[in-house]
Amino acid sequence: MTLPAHPFGTEITTTTILDQMAAANGWEDRYRTVIQLGKKLPALPEEFKQDQLKVSGCESQVWLAHQQDGEVFHFAADSDARIVRGLITLVLAAYEGKTAEQIRQFDIDGYFDGLGLMAHLSPSRGNGLKAIVEQIKTLAG
């Protein structure tokens, strides 16, 4: 099974997302930006929506699939919630196409701080976002 291609980590990077968030006017504008990013995430094919690919710790259903090409990791994910699809794109922009070493060294907390979102997310959404990050770090070893 081949993962669906997406623009996160290649065309849409952490830098472009940070720039979009910096240009946003307030929390509602950032929220809209996250939802718009989520619309650019292709749906995960049904064959990937398996229980063993579900991320535990998320209030919504979240599936995370990965493939390794040499030392490089590729990720695809989906959720049944619009805002969570958007949050997934923020994580994929950080980790898609990176090596295990790059994944370990990326300052995800600094990135999230720069986005200015965490203070506005419900505790369950924030915990779900962290669960996705932890799953990726575990996959990358």
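The structure is a predicted model in which local features need pLDDT of at least 70 and side-chain atom pairs count only at pLDDT 80 or more, while totals for chains, interfaces and linings use all residues. Residues are numbered from 1 along each chain as its sequence is written, and side-chain values use heavy atoms, with hydrogens and water left out.

The UniProt record (unreviewed entry) places the feature "domain: Fe-S metabolism associated" at residues 19–138. UniProt positions are given in the numbering used here, feature names are shortened, and annotations may be inferred rather than shown by experiment. The span 19–138 is 52% helix and 15% strand, and its end C-alpha atoms lie 29 Å apart. Helices (H or I, at least four residues) and strands (E, at least two) are DSSP runs, numbered from the N terminus.

Three strands make up an open sheet in the order 1-2-3, with antiparallel pairing. Its edge strands are strand 1 and strand 3 (98–99), each of which pairs on one side only. Two strands pair if DSSP finds at least two bridges between them. Strand 1 and strand 2 (residues 72–79) run antiparallel and are joined by eight bridges. Within this pairing, histidine 66 has phenylalanine 75 of strand 2 as its bridge partner, and tryptophan 63 stands opposite aspartate 78. The hairpin of strand 1 and strand 2 has two residues between the strands, and glycine 70 takes a positive phi near 70 degrees there.

Threonine 99 is found in strand 3. This residue is buried, with a relative accessible area of 18%; buried means under 20% relative accessible area, exposed over 50% and partly exposed in between (1.4 Å probe, protein chains only). Threonine 99 is in contact with Glu71, Val72 and Phe73, leaving aside its neighbours within four places in sequence, where contact means heavy atoms within 4.5 Å. The C-alpha atoms of threonine 99 and glycine 141 are separated by 10 Å, and the two residues are 42 places apart along the chain.

Aspartate 78, in strand 2, is buried because its relative accessibility is 3%. Its side chain and that of arginine 85 are joined by a polar contact of 2.2 Å. A polar contact is a pair of N or O atoms within 3.5 Å; within protein, one must be able to donate a hydrogen and the other to accept it, and residues adjacent in sequence count only if both atoms are side-chain atoms. A polar atom of the aspartate 78 side chain also lies 2.9 Å from the backbone nitrogen of leucine 44. Apart from neighbours within four places in sequence, the residues in contact with aspartate 78 include Lys49, Trp63 and Ile88. The charged end of lysine 49 sits over the ring of tryptophan 63, 5.1 Å from the ring centre; this description applies if NZ of Lys or CZ of Arg is within 6 Å of the ring centre and within 35 degrees of the ring normal.

The loop between helix 2 (26–39) and strand 1 (62–69) contains cysteine 58, where the UniProt record (unreviewed entry) places the feature "active site". Cysteine 58 is buried, at 18% relative accessible area. Not counting residues up to four places away in sequence, cysteine 58 touches Gly128, Ala131 and Ile132. Serine 60 is found in the loop between helix 2 and strand 1, and at 14% relative accessibility serine 60 counts as buried. The side chains of serine 60 and arginine 125 make a polar contact of 3.2 Å.

Five aromatic pairs are present in the structure. One is formed by tryptophan 27 and tyrosine 31, which are edge-to-face at 5.5 Å centre to centre with 65 degrees between the planes. Rings of Phe, Tyr and Trp (its six-membered ring) pair if their centres lie within 6.5 Å; planes under 30 degrees apart count as stacked, over 60 as edge-to-face and the rest as tilted. Both tryptophan 27 and tyrosine 31 lie in helix 2, four residues apart, about one turn of the helix. Tyrosine 31 is partly exposed, with 33% relative accessibility. Tyr95, Phe106, Tyr111 and Phe112 form one aromatic cluster.

Glutamine 105 lies in helix 4 (residues 100–105) and is exposed, with a relative accessible area of 61%. Its side chain makes a polar contact of 2.4 Å with the side chain of glutamate 101.
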